[in-house]
Amino acid sequence: MARLLGIRIRNYRSFADLKLGQVKYAQGEQLPRFACFIGPNGSGKSTLLDAFGFVSDCLLEGVEAACDKPARGGFERLRRQGVKAPIMFEIFFEHEDAARPIVYELHIDLIEGVPKVVKETLRQRRSGETVGKPYYFLKLDRGRGKVWAGDYVGSGSDDTKADRVTLADLNRLSIATHGNLAEHPRIVALRGYIEQWYLSYFIPDAARELPPAGAQKWLDRKGSNVGNVLQYFQRTYPDKFDALIVQVTRAIPGLKKITPEVSTDKRLLLRFDDAGYHDPFYQQSMSDGTLKMLAYAVLLADPQPRPFVGIEEPENGLYLELIEHLARQLVSHASSDKAPTQILVTTHSPYFVDPLKPEQVWRMRKDERGQATATRLVDLPGVREFTDQGIPLGAQWYSNHFGQDVGARGKAKLASSKRRGRPR
């Protein structure tokens, strides 16, 4: 399964030039299988998650539709203020061969006032090469250029295999077109990888709706079809369904059972049986936290796991102990060889980062020019040392250690946190 090694984002909202993980060919630290981003409001966490959503929407819906979504407000609101250069993305991902990652570059700019694709390239080393520069197998400038056919055994940028192409519609990504052609397996791989990204913006009220009955394989972004996915699990993977229900009932005190039911008007109900109550409850009456834990359990139990999952502030609505419990679940899932899903999370909760390692967490903040930056906690002074002394990252966050160098007052706070534990 494909894995994201790094991403570079330029001129997108507050990102003048944001680099995460490997952003040079075969150089730099790769993004871990689980990555968490913390920081104050307005530091760029939501923008980071939206950048992945934007690339995905460009592929699935076209550039104009991706720019004009209500939450984005058009190209000029997406491009960093005062900048005339294109919005640019570089995505480094591994597919089958770790020594030869694929690099996808996408530039979007205005042409006669309309956002269009102005540059699109794909690069990879030739088969058998473990050093040296990557070669183009897709290189387009405003829809004109070359694409090289062949599989991973091929000769990379051999011009004898190159086709000259001219795209008629610069609103569509080239990988949406060439990703349907068997003679371009690497482009097919990239398209399939991005199409499978899942970005979770779970809204408990959406999960309280009563959708039409009918099994569905995957959660939508808001979780409004969680009952339909449970229905699919119950019908197709009964063992996974039973294990999923046991997992959720163990996490929620008093909850005994969850059962999908079809109403007389063919709407889908989720029945919750609670200890101490003779009559069941339904999703309209359940707490935000219960619905969230159910939705994340469904997501993690997917028998066909997504290669990349992004989750914004999963702690909202959860009791403190459940926050740390969920963090451990997500890390465990991302680390499992059986379900090789890469997970990116944004959070405001120190409780969520307590079980994490400094290499898994980035601090986001804005500099004096309003540009968002991201720094791994392991690269901040003292963080590794305090973690090795048994002081969890949440306690260090409470002590404002991530925002400044630790002076005498900060060291006293950390020592107190280690002796007494962080207040709960």
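Q: What do the buried residues of H7 pack against?
A: Start with the terms: helices (H or I, at least four residues) and strands (E, at least two) are DSSP runs, numbered from the N terminus. Contact means heavy atoms within 4.5 Å, and buried means under 20% relative accessible area, with exposed over 50% and partly exposed in between (1.4 Å probe, protein chains only). Here, the buried residues of H7 pack against helix H6 (204–207), helix H8 (238–251), strand S11 (255–262), strand S12 (268–274) and H9.

Q: Which residues of H7 are buried?
A: They are Val226, Gly227, Asn228, Val229, Leu230, Gln231, Tyr232 and Phe233. That is 8 of the 11 residues of H7, so the helix is largely enclosed by the rest of the structure.

Q: Before we go on, what sort of model is this?
A: A predicted one: local features need pLDDT of at least 70, side-chain atom pairs count only at pLDDT 80 or more, and totals for chains, interfaces and linings use all residues. Residues are numbered from 1 along each chain as its sequence is written, and side-chain values use heavy atoms, leaving out hydrogens and water.

Q: How do I read the packing of H7 and H9?
A: Two packed helices are described by the angle between their axes and the distance between the axes. Axes are lines fitted to C-alpha atoms, for helices over the stretch in contact, and angles run from 0 to 180 degrees between N-to-C directions. In this model, H7 (residues 226–236) and H9 (residues 288–300) pack at about 45°, with their axes 10 Å apart. H7 and H9 are therefore oblique to each other (under 35 degrees is roughly parallel, over 145 roughly antiparallel, 65 to 115 roughly perpendicular, the rest oblique).

Q: Which residues make that contact?
A: On H7, look at Val226, Val229, Leu230 and Phe233; on H9, at Leu294, Ala295 and Val298.

Q: And what about glutamate 29, buried or exposed?
A: Glutamate 29 counts as exposed, at 54% relative accessibility. Its place is in the loop between strand S2 (15–21) and strand S3 (34–38). Not counting residues up to four places away in sequence, glutamate 29 touches Leu5, Gly21, Gln22 and Arg376. The C-alpha atoms of glutamate 29 and leucine 5 are separated by 8.3 Å.

Q: Where is confidence lowest and highest in the protein chain?
A: pLDDT is the predictor's confidence in each residue, from 0 to 100. The chain averages 89, and 92% of the residues score at least 70. Confidence is lowest in helix H14 (residues 408–420), at a mean of 48, and highest in helix H2 (residues 63–67), at 98.
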